[in-house]
Amino acid sequence: MIFSRILLSFLFIFNCFSYSPPFNFDEEIHWNWNDIDTSKLVFPKNFLWGVGTSEYQVSGRENCPNANWAFHEDKKNFFGCTTIARGEKSGKACDHWNLYKKDIELMQEVGVNAYRFSIEWSCIEPKEGEFNEQAIKHYHDLIDALLAKKIQPMITLHHFTHPQWFEEKGAFEKSDNIQYFVRFCKRMFVEYSSKINFWLTINEPGVLVFQGYHRAVYPPQKNNFHLAGIVTKNLMKAHIEVYKALKALPDGDKAQIGIVHDIVQFEPYFKGDKLAKFILHYMNLIFHEAITDFLVTKKLNFKIPIFANVEFELADKNEKILDFIGLNYYSHVLWKPTNPLGSSYREGDIPTDMPYGIYAEGFYRAIASVARMGVPIYITENGLADSKDDRREIFLKKYLYTLSKAINDGYDIRGYFYWSLIDNFEWDYGFEKRYGLYEVDYNTFERKQRKSAQYYIKVLKDYFSSLN
Ligand code: BGC
């Protein structure tokens, strides 16, 4: 890890003098928000308005004891520190597994017509090849309870976690392991497809790779660019194999199957900063650009000089591999050499509780970027960590205005899911980051609506009443 970091540093310095980046660096844009009326919102008919969660984040390791993250929480990082901030453990998180009926009531309070959640593979198949009937029934109950309230379920089949046995086999580092994921997905499809229209194969493959194989903060805590490329390739292959396998099953032709892609634009704080551009080119490549390009061109080019050279190409460039794309967007990251490990802010930026500010213009850019895939777009995650709840309303105003503008400009966007319904376990950050429309007391599991939720509620109310 240290070796590769030192080598990379040399490469950066060398390239400052000699390197002309071969990339298409899409430009940072800024709008004058003083001239914008964020209350003018127009959305199409049949729009999905939702909220999202993922099982491990809302149910924790006590409800998902066989997940790789349940083991990861006890590990130490390279520096000997706990993998989760402050040594926290996810415990039962919000105990959504047992309190989902209560959470459906909250969804009704918000007025959503859709809910994105993940099926926890490690609960369904805790041991290789052994499927747990109780867990399968649990998701039937959840789905039935949602449908009874006219809330459309959208299922994620892999949201960062998988069974520990799959981790021990090398997870997506080995293409031979893809078959296990396909088997699980097929089983889930056979169970639930008569009730479910929307399926997401994998949540944010780029983030999984960036955090697990570059930053080493998610399992398997590696820092290896070549492996990062291999895993990216295998995740793309896994998505395609699942897509084809589900399409071939009864109900497959009716199902809408997509993947979730997250875009974070890493960009230089000082425009024209060559060093920054060079480094950030690779950050963007690992995090999202290699995947965006693959989903657009069907050709993966995961290349980092000296460190990684991974290619993968579909023979048939017209092959259908997506019915829609799920876009997750939060913000951009501004990088300056004097703060190499952090994000910087420009004057006037509104910070969030994560290391980036509010940047709705980036949301527009991300929409334009995934639109090149030529399929309908669903915003599967967008939200912010704001423990004081003093920025969520302005965030929603800006991002929902941007969403409406993009639709008005012709982008085919068919749904929006706020992240998240309730506060939850934010991976390596632990419980400190609070994304919820509802605040969760982790001792009593009590949920309390935040004031800012009222803005989202009003937008949804206005939308649904405008349809009558
Ligand atoms: C992930 C979520 C996470 C959210 C907020 C996304 O990258 O899909 O699991 O909670 O970002 O950081």
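Reply: In this predicted model, the side chain of Ser-90 reaches the backbone nitrogen of Arg-61 at 2.8 Å. The side chain of Ser-90 also makes a polar contact, at 2.6 Å, with the side chain of Glu-73. Ser-90 itself belongs to the loop between H3 and H4. Its relative accessibility is 2%, so Ser-90 counts as buried, the cut-off for that word being under 20%. When neighbours within four places in sequence are left aside, the residues in contact with Ser-90 are Tyr-56, Gly-60, Arg-61, Glu-73, Phe-425 and Phe-431.

Ala-85 lies in the loop between helix H3 (68-72) and helix H4 (96-110). With a relative accessible area of 25%, Ala-85 is partly exposed. Not counting residues up to four places away in sequence, Ala-85 touches Asp-428 and Tyr-429. Ala-85 and Leu-396 are 311 residues apart in sequence, and their C-alpha atoms are 28 Å apart in space.

Apart from residues up to four places away in sequence, Pro-44 touches Ile-407, Ile-413 and Tyr-463.

Gln-265 is placed in the loop between strand S5 (256-263) and strand S6 (266-268). Its relative accessibility of 5% means that Gln-265 counts as buried. The side chain of Gln-265 reaches the backbone oxygen of Gly-362 at 3.0 Å. Beyond its neighbours within four places in sequence, Gln-265 is in contact with several residues, including Asn-284, His-288, Tyr-329, Gly-362, Arg-365 and Ala-366.

Helix H12 (residues 360-371) packs with helix H13 (residues 392-408) at an angle of about 30°, and their axes are 8 Å apart. That angle makes H12 roughly parallel to H13, because angles under 35 degrees count as roughly parallel. The crossing of H12 and H13 is right-handed. From H12, Ala-360, Phe-363, Tyr-364 and Ile-367 take part, and they meet Lys-398, Tyr-399, Thr-402, Leu-403, Lys-405 and Ala-406 in H13. The residues of this contact of H12 with H13 comprise seven nonpolar, one polar and two charged.

The backbone also deserves attention. The peptide bond from Pro-219 to Pro-220 is cis, with omega near 5°, and Pro-220 has its place in the loop between helix H9 (205-214) and helix H10 (225-247). A cis peptide bond also runs from Trp-419 to Ser-420, with omega near 20°; Ser-420 is found in the loop between strand S12 (413-419) and strand S13 (438-440).

Finally, Phe-160 has a positive phi of about 70° although it is not a glycine. Phe-160 is in the loop between strand S3 (152-156) and helix H7 (164-168), and with a relative accessible area of 4% it is buried. Glu-204, a residue other than glycine, has a positive phi near 45°. Glu-204 lies in the loop between strand S4 (198-203) and H9, and at 6% relative accessibility it counts as buried.

Methods:
Residues are numbered from 1 along each chain as its sequence is written. This is a predicted model: local features need pLDDT of at least 70, side-chain atom pairs count only at pLDDT 80 or more; totals for chains, interfaces and linings use all residues. Side-chain values use heavy atoms; hydrogens and water are left out. Helices (H or I, at least four residues) and strands (E, at least two) are DSSP runs, numbered from the N terminus. Buried means under 20% relative accessible area, exposed over 50%, partly exposed in between (1.4 Å probe, protein chains only). A polar contact is a pair of N or O atoms within 3.5 Å; within protein, one must be able to donate a hydrogen and the other to accept it, and residues adjacent in sequence count only if both atoms are side-chain atoms. Contact means heavy atoms within 4.5 Å. Axes are lines fitted to C-alpha atoms, for helices over the stretch in contact, and angles run from 0 to 180 degrees between N-to-C directions. Angles under 35 degrees count as roughly parallel, over 145 as roughly antiparallel, 65 to 115 as roughly perpendicular and the rest as oblique. A crossing is left-handed if the near helix is turned anticlockwise from the far one by less than a right angle, and right-handed if clockwise. Ala, Val, Leu, Ile, Met, Phe, Trp, Tyr, Cys and Pro count as nonpolar, Asp, Glu, Lys and Arg as charged, and the others, Gly among them, as polar.
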